[in-house]
Amino acid sequence: MIINHPLLGPRDAAEFVYLGDASLIDRPDWQAEDAMDQFHAYGYLRDNPAGEHKELWYHEQGDRSWLVVTRNTLTHEITNVEIARDVARARGRDK
Amino acid sequence: MRYSGFKVLWQGLTGNKGWTRAWREPEPKPEYDIIIIGGGGHGLSTAYYLSKEFGLTNVAVLEKGWLGSGNIGRNTTIIRSNYLLPGNEPFYELSMKLWENLEQDTNYNSMVSQRSILNLIHTDGQRDAFVRRGNAMFLAGADAELVDAAQLREELPFLDYDNARFPIKGGLFQRRGGTARHDAVAWGYARGADSRGVDIIQNCEVTGIDIENGRCVGVQTSRGAIRAKKVAMCVAGSSGRVAAMAGMRLPIESHVLQAFVSEGLKPTLPGVITFGAGHFYVSQSDKGGLVFGGDIDGYNTYAQRGNLPVVEDVCEGGMAIMPMIGRARLLRSWGGVMDMSMDGSPFIDKTHIDGLYFNGGWCYGGFKATPASGYCYAHLLAQDVPHPVAMQMRLDRFMTGNLIDEKGVGNQPNLH
Amino acid sequence: MSHAGRIDGGLIDRSQEIKFRFNGKWMRGFAGDTLASALLANGQLLVGRSFKYHRPRGVFTSGSEEPNALVQLRDGAHQEPNTRATMVELFEGLTATSQNHRGSLEYDLLAVNDLVSPFLSAGFYYKTFMWPKAFWEKLYEPVIRAAAGLGKLSMQNDPDAYDKGFLHCDLLVIGAGPSGLMAALTAARSGARIILADEDFRPGGRLNAETLEVAGMSGADWAVQAVAELSNMPNVRLMTRTTVYGAYDHGVYGALERCTDHLADSRGKPRQILWRIYSKRAVLAAGATERPIAFGNNDRPGIMLAGAVRTYGNRYGVTPGQQVAVFTNNDDGWRTAADLQAKGVNVPVVIDSRDKPATLNLPGVKHIAGEAVMDTVGRKGLKSITLTSGRVIPVDALAVSGGWNPNVHLTCHQRGRPTWRDELCAFVPGGELPVGMAVAGAANGAMTLAAALAEGHVKAEAQLKDLGIKTKQTDVPKAEDEPRDCAAFWHVGESRKRAWVDLQNDVTVKDIKLANTEGFRSVELLKRYTTMGMATDQGKTSNIAGLAILAEEAGKTIPEVGTTIFRPPYTPVPIGALAGRARGKDFRPYRLTPSHKWAEENGASFVTVGNWLRAEWYTRDGEKGWRDSVDREARMTRQSVGICDVTTLGKIDIQGKDAGAFLDKVYSNTFSTLPVGKVRYGLMLREDGICYDDGTTARMGENHYVMTTTTANAVLVFRRLEFARQCLWPNMDVHLISTTDGWAQFAVAGPNSWNLVRKVIDAEYDISNEAFPFMACGHVNVCGGVPARLFRISFSGELAYEIAVPARYGNSMMGVLNEAGAEFDAVPYGTEALGVMRIEKGHATANELNGQTTALNIGLGKMVSQKKECIGQVLSQRPEMTRDDAIKLMGFRPVDRTRKLIAGSHFLNKHDPADMDHDQGWMTSVAYSPNLGHHIGLGFIKQGDTRKGEIVRAISPVHGVEMDVEIVSAHFVDPKGERLRG
Amino acid sequence: MAKYTLIAEPPLAGYDETFGDMRLVAPADFALVSIALPLGGEDKALKAIKTGYGVDLPEVGESVLSKDGKARLLRMAQDQAFVMFTYAKPDAAQVVSNQIKDSAYVTDQTDVWTALRLSGPSSRSALERICPIDLDIEAFAEGHVARTVMEHLGVVILRDAADSFVLLSASSSAGSFLHAVETSIRNIM
């Protein structure tokens, strides 16, 4: 597979390490009332869609950036690649 | 029709004209006691044991494609019960015992061949872990044999003992491990279940799960609605898709595992060999092909195909431990979609919806589990209590923290 | 043997004679021959035996689809089983042997299988061999295995080298036949980067096998001209002997280049190269494969595909016989008759299954229309054929044409499913092609020469246009649209005898019918039950006929029955090539510690730890075994001082205003409050609450920490920290960079460690106990101004320091420390003594932090702060992970102190049975303690913290050993930790 | 005067071989320092770099020579750059920190990496065997830099002239990487 890195251009997926669903960015609040339930869902339950999937890849043999890749799990077609840090900020994550 | 050597001789003498079909091709009935979604190995064995052990025959197996087209049709055929944890090992040992009687039980030669499975040891730490595992196997009534490098050299002279990057320090054998002819396992179960009255309905895709007042009452299919008292999901690889029909999210990701077979060769390998410092395991089929595999590709996918880096990684592992296979050619590759669970272990459980049951999360270990999976699922479906050896294979174990994490890599499916 | 089959003409070089051996017999061929053409030239029709019935077989095709002519090429360790004689270029001294027979090729004892074939019908083995149970592994299976298989591996290490590589191009053209050459020419003239690959050693494809003209010259000459032009263009890479075998995601193709297979000796160069080709676009011009017709005894030597007969005649100047009949269901078969006749070979008859006039007017050739061949005679070489009319015609060869199948294989490697075209009686590419691929020529169903050339041009132009590259005007050369009518005629129903569909695996028409009767009605089930298409040729010549027969039996059309899926590789690829250089010591790189050279010179043995090599112990004169060395090292360290290279621990430089706050998140304990100049032990959890890694982290400055990780987890921890930094807390000012390899780090441990360290640290640095207490850290200079880092930390439990110097000084530093330590009898120690001392101190390492244990289990439950947010904190509180009867890390010692403990033993209470329900835990690590004089162990046992002094059984059934052990504190030596505070 | 003296022994010190039209060298006194741009302090740091080296930090994936030609600045990631220069003493990080007026976080990377320079007309063909990056001059021009993986090792590749490539790999595995490059060279000769 080829991942079109937003800064570096197309690079072989072999340079990257896969983590999983991009929802892993949305780590729950540890002090929430139902923190245990939220962390259970965060840590364990997945949509696992047959189709478009937003997922986290780490460019370990590259610029060390985490990317959010939108890829179809039926065709492997990649339609979008974003810098995960930007995505995390856009989703309101802070310090 | 009962199969036997005599029958083969008689049919041979009379022009092979008297063979009858191995199973019916029934039309679906409007209602069943139990519907099993998925006519792969686990679905068929569930149907078989339901009919044989629990006398339940008003059962339908619904298969989207052809029978046996699940992962029973695409695996590396290994059977073993060399697990570590109490949540797993007794289950796989039950499976092994069922394998050992499978052919007589089903009257079908599935070529269960207990030619042994070996895990190679390359470091002291690995040896400690394998001793722990071997001893756990003993505690569960299985067999295990620890050997050193000298013993291995005698038994398997073709491994690279002298120039290996990761020196071979010994191994753990399970002599009762081995292989089985995967397709024949499905056919044997199908024939056995069919002959007892189970309807195996091919080309029948489930398109919806009917839930009324919190209770599952049947399914929608490409061949119409079918009602049932109990609906049993058994679609490892597609669990996410089918469970979504019931609005469920699962602790499972779908990943592809590639497997490979070489051109046919005269006898080369005695049993199954697993490389402990790379990703490679191999056996030789009765037809002579080296059947081998390695790691999953590592990204979520429902496509039954993988990519080149994993092919290379697997072959590198092969050449690293047995450089005599360099001139053997890889003939065919295929990819199976695996239910990779969050701790690498499976589920056989009721769901939170009455009448809806779940069997899945087999990762890449589903083939060897086929008999016990069917047996325990049948037990659960028939009696509504889990079989003792499958007690821990619960869907809620991540809520309670009762993990069954053999590899100790945590809640990241592609690491298991 | 004479040149019995050699006739005039061809593209061989008759001035270069080549000698080769087949089954020990010397034969002669010419440069440009394949082994198959040379065997035919020598009159060697019988070349192998079939898989199941051991039927005599001859060359059947002229290409990579060959099912029959498989040989063991070369000898000794170079022996290469199952090699297609049709693809082997002849070289001087070539040695080949036939395979899959017991006894000689001519008199194969296993041919008895053919006589009992009625009992060996499809799937017979599933129905028998079940009794008695134990006989399967002992008797039936060994017999079956010995009879099965094809060629033999030498069982010796592959002596050849392999290589890999990466190529990039705008357009990859697969196949250098007419459409491929035309596509390449069109694209290349535009200046785009082109790769043109073909499996043959001579580009041209069917142009070399036919007598058709292109642009007024012979097809072969036109190909030479095209190749010459392409070879001179810097933007073109022309790769012959290169099979593009797989289409992977996003335009990546796998290709195998055979570099030295056509030479007698690879002379140390890579035998083959596995190329990964990154293409922006591709044109598949893989041509088509002819298929046979099934009729009684259609597998005899001398029966060959009609196109192959033409290839042998036109390209190699060889004929399989002197009286060659043609049996066809299509127009193309007629060209074989015409070409042979033109070469002076007698073609007595063309049998055309179609009831229509002759396609070509060939005087002297009898045209029998509307009939078919029903049976043949001649066990080791064809003698006659019998027609459906009963007429017997004596011939010594038969050319069969059942029509042509487009080579759609690569179009199916992703999601493509071929579609049926009735007028071609064949599947053509359909569905979704691999991204960026277009198909041209016969592979796409453009079956005539003119059409193939035109399509190559058009597809290349379209592909480049897609990339925004304009093509220059290129004219498509003139060629003819030869007749290609074909009938849907698959097997001869009148045949009573076995009619082969899959030649190699011995699948006959009857087997397919039986499978259908027994309910194996999907193509996939048929394939699996009968093994059709599962042989080394992957059914290239058999699949379609098999499908057609199944469809006929089931009363369906071929498209209704469907097709099986093609998967990579297109043709088999050696495992050695897929592994490339990664074998033996080159399987994975070595990482060496900075003091590796010194260790080598000082008696070290090395152990692999991941990719690292570490000194496990240093043998001194007079030491008989490793225990002598390890005991001495551990003892001397505790008595005086020892030195150990601990560079392999991961080091991560963490800088930024939020570095402390960041560490609080990723460690279970707090680091933001750590003063500058201090070190703290840190425990890291996974998000699921399980222990992940541990190590010490030092605060070197206000905004600067140096983290150490375990050796095994260095890369993984870095990855997780980057995840936390970028995805979880993206607005922290934190920066990470690995410095693992940058610093050579040495533990100096033991009561004399201060004395030793003092000698190498420059005098201006005060390292007194007051100025530099336990858990202090700082920058110092050593040996006269070399910058270093000093940490007062201890893994051994002794007074100890770790000194880090820039790695370039590491080897020298090891020497200096040992030299300076000589007055204290300092010893270098390796990983084994390190392990002994950490077990004596009860420190958990990989065996304890195995990914399954919690902080509670290892006795560090209190380190998981509940006052601040950290990874793993919430899920670590799940009920099953906080049970009162959880396992706890404890020490163990044998009741009989002379006994040796075994890591991996399980614990059982005194009188409990040995089963899983009563399992109490397991021993994780053991060592002989030279300081205590007996074995000690660490292990996990249920509620261990409340059971000190209890005796339990430690059993290791895999060793047949059981013994009583006492549960004790895990801190065997200096439990109060007084020594390390000095 | 200290009693003990440390000798610097970088892994491939002194390596210099010629293979046909190619030359493979381990450059002497090679120094490498990383610069991390503080979050929120990027502008200040970039300005200081411009002042210190006389050039702007280039885009990610590119490098540039300092105005005096003595140092090369390689942009490795959005917030990270390497400074490559010739310098023998073990305090290279301080040199860079001084040059950029302590405006960014620096870490000495000199001993983390080992450098090799492969030059000559056939060097691209040799690298084709191990380097997944497209080294066509149009795709990977002079000054371009990429971090990638070769023979299971992380490698930074920099094109410092049309036919010349600098390869950085981890110093602990420098021997294995050298072996990989030498094998690539021999395999094309």
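Q: Which strand of chain C pairs with strand β16 (residues 329–341) of chain B?
A: In this predicted model, a strand of chain B and a strand of chain C pair in the antiparallel sense. Two bridges hold the pairing, and in one of them B:Leu330 has C:Val573 as its partner. The strand of chain C spans residues 573–574 and is β31.

Q: How many residues does chain B bring to its contact with chain C, and how many does chain C bring?
A: Chain B and chain C bury about 10200 Å² between them. Carbon and sulfur atoms account for 56% of that area. The contact takes 120 residues from chain C and, from chain B, 121.

Q: Which residues of chain B lose the most area to chain C?
A: Buried area is the accessible area that two parts lose on being put together. Three residues of chain B head that loss, together giving 10% of what the side of chain B buries. They are B:Leu139, B:Arg165 and B:Arg327.

Q: Which residue of chain B forms a salt bridge with C:Arg588?
A: Across the interface of chain B and chain C there are 15 salt bridges. The cut-off for a salt bridge is 4 Å between a side-chain nitrogen of Lys or Arg and a carboxyl oxygen of Asp or Glu. The closest N and O atoms of the pair with C:Arg588 are 3.2 Å apart, and the partner is B:Asp313.

Q: Which helix of chain B gives the largest share of the side that touches chain C?
A: The interface of chain B and chain C has 70 residue pairs in polar contact. On the side of chain B, the largest share is 10 residues, from residues 124–139. By class, that side has 52 nonpolar, 39 polar and 30 charged residues. The helix with the largest share is α5.

Q: Why does the aromatic pair of B:Trp187 and C:Tyr126 join two chains?
A: The pair is edge-to-face, with 5.4 Å centre to centre and 85° between the planes. C:Tyr126 lies in the loop between α2 (112–115) and α3 (135–147) of chain C, while B:Trp187 lies in helix α7 (residues 182–195) of chain B, so the two chains joined are B and C.

Q: Which strands stand at the edges of the open sheet of six strands in chain C?
A: The order of the sheet is β42-β43-β44-β41-β35-β45, with mixed pairing. Strand β35 (residues 642–645) runs parallel to β45, joined by two bridges, and C:Gly642 has C:Val827 as its bridge partner. Each edge strand has a single partner strand, so one side of each is left without a neighbour in the sheet; the edge strands are β42 (777–782) and β45 (827–828).

Q: Which residues of chain D lose the most area to chain C?
A: The contact takes 51 residues from chain D and 58 residues from chain C. Between them these chains bury about 4300 Å², 51% of it on carbon and sulfur atoms. Three residues together make up 20% of what the side of chain D buries: D:Tyr4, D:Leu6 and D:Tyr105.

Q: Which element of chain D gives the most residues to the side that touches chain C?
A: Seven salt bridges cross the interface of chain D and chain C, including D:Asp136 with C:Arg193 at 3.7 Å between the closest N and O atoms. There are also 34 residue pairs in polar contact. β3 (30–36), β6 (80–86), β7 (105–108) and α4 (174–188) of chain D each supply at least two residues. With seven residues, the element that gives the most is α4.

Methods. Residues are numbered from 1 along each chain as its sequence is written. Chains are lettered from A and ligands numbered from 1 in the order in which they are written. This is a predicted model: local features need pLDDT of at least 70, side-chain atom pairs count only at pLDDT 80 or more; totals for chains, interfaces and linings use all residues. Side-chain values use heavy atoms; hydrogens and water are left out. Contact means heavy atoms within 4.5 Å. Buried area is the accessible area (1.4 Å probe) that two parts lose on being put together, summed over both. A polar contact is a pair of N or O atoms within 3.5 Å; within protein, one must be able to donate a hydrogen and the other to accept it, and residues adjacent in sequence count only if both atoms are side-chain atoms. Helices (H or I, at least four residues) and strands (E, at least two) are DSSP runs, numbered from the N terminus. Ala, Val, Leu, Ile, Met, Phe, Trp, Tyr, Cys and Pro count as nonpolar, Asp, Glu, Lys and Arg as charged, and the others, Gly among them, as polar. Two strands pair if DSSP finds at least two bridges between them. Rings of Phe, Tyr and Trp (its six-membered ring) pair if their centres lie within 6.5 Å; planes under 30 degrees apart count as stacked, over 60 as edge-to-face and the rest as tilted.
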